[in-house]
Amino acid sequence: MSFSRATRGVLLALTGLVLLFIHVPLALVVLNSFNVSRTFEWPPPGYTTKWWSAAVDSAGARNAIVVSVEVALVATAIALVLGTMAALALQRFRFFGRDTVSLLIILPIALPGVVTGIALANAFLTMFGIELGMLTLVVSHATFCIVTVFNNAIARLRRLGGNLEEASMDLGAGTFRTFWSVTLPMMRSALLAGALLSFALSFDEIIVTTFTAGQGIQTLPIWIYQNLFRPNQAPVVNVVAAALIVLSIIPIWLSQKLAGTDESVAAAR
Amino acid sequence: MSTPAVELVGLTKSFGSVTAVDGLDLRIEDGEFFSMLGPSGSGKTTVLRMIAGFELPSAGRVLLAGEDVTGRPPFARDVNTVFQDYALFPHMDVLANVEYGLRVKRVPASQRRDRAMAALESVQLGQLARRRPTQLSGGQRQRVALARALVNRPRVLLLDEPLGALDLKLRRAMQLELKDLQREVGITFVFVTHDQEEALTMSDRIAVFSEGRIEQVASPAELYESPGTAFVAGFVGTSNLLSGDAAAAVLGRTGTFSIRPEKIHLDSDVESGNTTARGTVADVVYLGSVNHYLVDLDAGPTLTVLKQNLRDSTEQAMGRRGQQVTVGWADEHVIELSGDTQQVQQSHEKEKS
Ligand SMILES: Nc1ncnc2c1ncn2[C@@H]1O[C@H](COP(=O)(O)OP(=O)(O)OP(=O)(O)O)[C@@H](O)[C@H]1O
Ligand SMILES: [Mg+2]
């Protein structure tokens with residue numbers, strides 16, 4: 001498709017505008033983490049690093065980060081195992097109702113978080129009689145983490161086809177050996193990308209978390225939400241947000257790199 | 001007779017309503033270079049996949065060296081496959097690819113390395129052992145696939161159009177190389193192709209497939225000189241098929257007959273004792289070392305006549321368009337066929353399109 005000069009100019013301007021709209025607030029957060037003013041006066045009357053040291057010392061923030069990382073790690077681990085197995089089962093075996101099962105696995109990501117949250121909380125409390133806590137939180141997060149791993153895994157399996165696995169079995173390798181030596185290595189980058197995304201999803205999830213975490217547990221998003229409007233905590237919250245912005249660039253960059261140019265998959269085609 | 005390397009008994013495979021392979025009976029002898037030749041969709045790959053164990057037959061049995069392996073998985077059969085797209089493992093280098101089968105069978109490391117290197121040497125790829133498959137040309141990948149299969153010393157090697165992706169020149173070279181290799185190692189080769197020339201060049205015996213059935217199993221010479229059915233005559237080489245009214249008009253006989261284009265002589269080449277007919281040259285097709293003359297016989301049918309470019313210049317040959325000519329052939333070169341002519345022409349057209 002080719003555009004006229006004018007159209008191209010307009011499109012470029014629009015793209016620039018969107019980028020500004022997204023990134024100016026982010027830059028502001030980072031800048032404000034050094035703002036002397038407690039109320040984020042603009043322009044900043046002066047710059048300081050005292051909020052950063054205050055944030056490092058804040059027990060609440062530290063604790064929330066640890067909880068969030070733990071939940072995200074465990075949920076991602078569960079998702080990796082179950083999501084991969086589900087993708088393998090659905091892609092490699094034909095059975096009645098295969099497409100329906102596939103749809104059912106993907107559904108949680110399309111459902112509004114409130115619905116998932118209420119449904120899960122109800123199930124835990126009434127059906128299983130489990131107190132809300134770390135366990136229920138992790139399981140709840142795993143439900144939507146599985147989707148991202150599953151989607152990545154099944155897309156990769158579709159692209160690969162069964163050819164390499166047949167070659168492996170032809171050379172004498174059994175089912176398990178074939179999975180270990182051929183299927184898994186070929187899926188590795190897709191699984192890593194899925195895991196990174198799943199970690200990120202869990203890490204900043206707030207709606208399902210409020211319904212399923214119970215009283216005692218505070219994840220980072222919830223801690224931020226509760227402290228943002230307390231005047232003496234606001235600068236510390238801002239620092240945490242700034243740190244997260246910087247940190248989240250790493251997994252996004254990694255997963256893009258992994259998902260994009262995958263030499264091994266291109267070669268298998 | 002000794003135990004055949006591969007024996008297929010009443011082998012049948014249906015995919016839903018499609019019968020891909022229909023009650024096949026076949027014996028492939030030990031050490032043979034055996035080809036399966038047939039048009040696209042005639043079931044060659046499906047047969048190969050059932051021998052390898054990737055596909056379960058709907059009915060019938062597969063025997064390897066006299067042993068029934070019908071229900072066994074691929075990894076419990078003493079056969080190896082060279083896939084059409086090679087299916088090399090992209091995450092392993094060439095040596096690791098070749099070693100894979102040995103590693104799976106727990107051959108000790110030192111022995112494994114030696115055997116893999118020897119296999120790579122035998123396909124002239126020793127220097128490329130550390131490359132990745134992505135860094136190889138099509139012909140080199142093909143050789144790696146061959147080495148990876150042969151290093152396991154299987155009883156039977158299955159090859160599914162292994163030369164299909166190569167250009168003509170490389171293809172010719174590889175045909176000869178494959179044939180030599182097969183003679184050297186003495187392993188039974190089952191070779192699938194839809195290229196009749198390739199099958200004729202390489203094989204000890206050829207099975208011609210049509211619509212999931214075998215039309216004829218014979219040596220290349222036998223297949224060419226005395227095709228059993230109209231389908232085989234049409235598919236293997238070019239053939240002039242005469243049946244019904246045409247046969248009655250030209251040959252004065254009833255039935256279906258085939259005359260090869262090179263067995264028909266033109267004008268001054270017609271020998272005494274030949275059966276002759278008069279006609280007009282409708283077209284001349286220039287093919288390099290030979291020309292095809294399409295001759296409309298006065299009696300009705302059109303014959304293709306092949307003539308080598310020994311004396312005539314190209315202009316002379318082309319200048320014969322529209323001329324009256326006499327064609328002639330020896331009666332012993334008129335081959336009587338059984339079978340349905342219609343089917344041949346259809347599948348021939350399918351192949352060309
Ligand atoms: N997995 C499958 N599902 C459904 N139909 C199939 C399947 N595999 C093969 N067929 C059908 O079986 C028939 C034979 O296919 P097969 O691949 O054996 O042909 P072939 O002789 O190898 O052809 P080609 O020369 O094009 O490779 C075809 O009609 C094909 O459509
Ligand atoms: Mg095929």
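Q: Which residue in β16(B) is the bridge partner of B:Tyr293?
A: B:Val305. This is a predicted model, where local features need pLDDT of at least 70, side-chain atom pairs count only at pLDDT 80 or more, and totals for chains, interfaces and linings use all residues. Residues are numbered from 1 along each chain as its sequence is written, chains are lettered from A and ligands numbered from 1 in the order in which they are written, and side-chain values use heavy atoms, with hydrogens and water left out.

Q: How many bridges join β15 to β16 in chain B, and do they run parallel or antiparallel?
A: Seven, antiparallel. Strand β15 spans residues 290–297 and strand β16 spans residues 302–308. Strands here are DSSP runs (E, at least two residues), helices are H or I runs of at least four residues, and both are numbered from the N terminus. Two strands pair if DSSP finds at least two bridges between them.

Q: What about the turn of that hairpin, which residue takes a positive phi?
A: B:Gly300, near 130 degrees. Four residues lie between the strands β15(B) and β16(B).

Q: Switching to β7 of chain B. Why is it largely enclosed?
A: Five of the five residues of strand β7 (residues 156–160) are buried, so the rest of the structure largely encloses it. Buried means under 20% relative accessible area, exposed over 50%, partly exposed in between (1.4 Å probe, protein chains only).

Q: Which residues sit on which side of β7(B)?
A: B:Val156, B:Leu158 and B:Asp160 are on one side, B:Leu157 and B:Leu159 on the other. Both faces are covered.

Q: And what does β7(B) pair with over four bridges?
A: Strand β6 (residues 79–82) of chain B, in the parallel sense. There B:Leu158 of β7(B) is the bridge partner of B:Thr81. Strand β8 (residues 188–193) of chain B also runs parallel to β7(B), joined by five bridges. B:Leu159 stands opposite B:Phe191 in β8(B).

Q: Through which helix does the chain cross from β7(B) to β8(B)?
A: Helix α5 (residues 168–185), in a right-handed β-α-β crossover. Right-handed means that, with the strands pointing away from the viewer, the path from the first strand over the helix to the second runs clockwise.

Q: What are the domains of chain B?
A: Domain 1 is 6–227 and domain 2 is 234–337. Such bounds come from an automatic or database domain assignment. Their centres, taken over C-alpha atoms, are 39 Å apart. Twelve residues of domain 1 and seven of domain 2 make the contact (heavy atoms within 4.5 Å).

Q: How much do domain 1 and domain 2 of chain B bury between them?
A: About 840 Å², 66% of it on carbon and sulfur atoms. Buried area is the accessible area (1.4 Å probe) that two parts lose on being put together, summed over both. In domain 1, B:Gln196, B:Tyr224 and B:Pro227 lose the most area to domain 2, together 60% of what that side buries.

Q: OK, chain A against chain B. How many residues are in contact?
A: 22 of chain A with 24 of chain B. The two chains bury about 2000 Å² between them, 61% of it on carbon and sulfur atoms. In chain A, A:Glu166, A:Asp170 and A:Leu171 lose the most area to chain B, together 35% of what that side buries.

Q: With which residue does A:Glu166 form a salt bridge?
A: B:Arg49, with the closest N and O atoms 2.8 Å apart. A salt bridge is a side-chain nitrogen of Lys or Arg within 4 Å of a carboxyl oxygen of Asp or Glu. The rule finds one across the interface of chain A and chain B.
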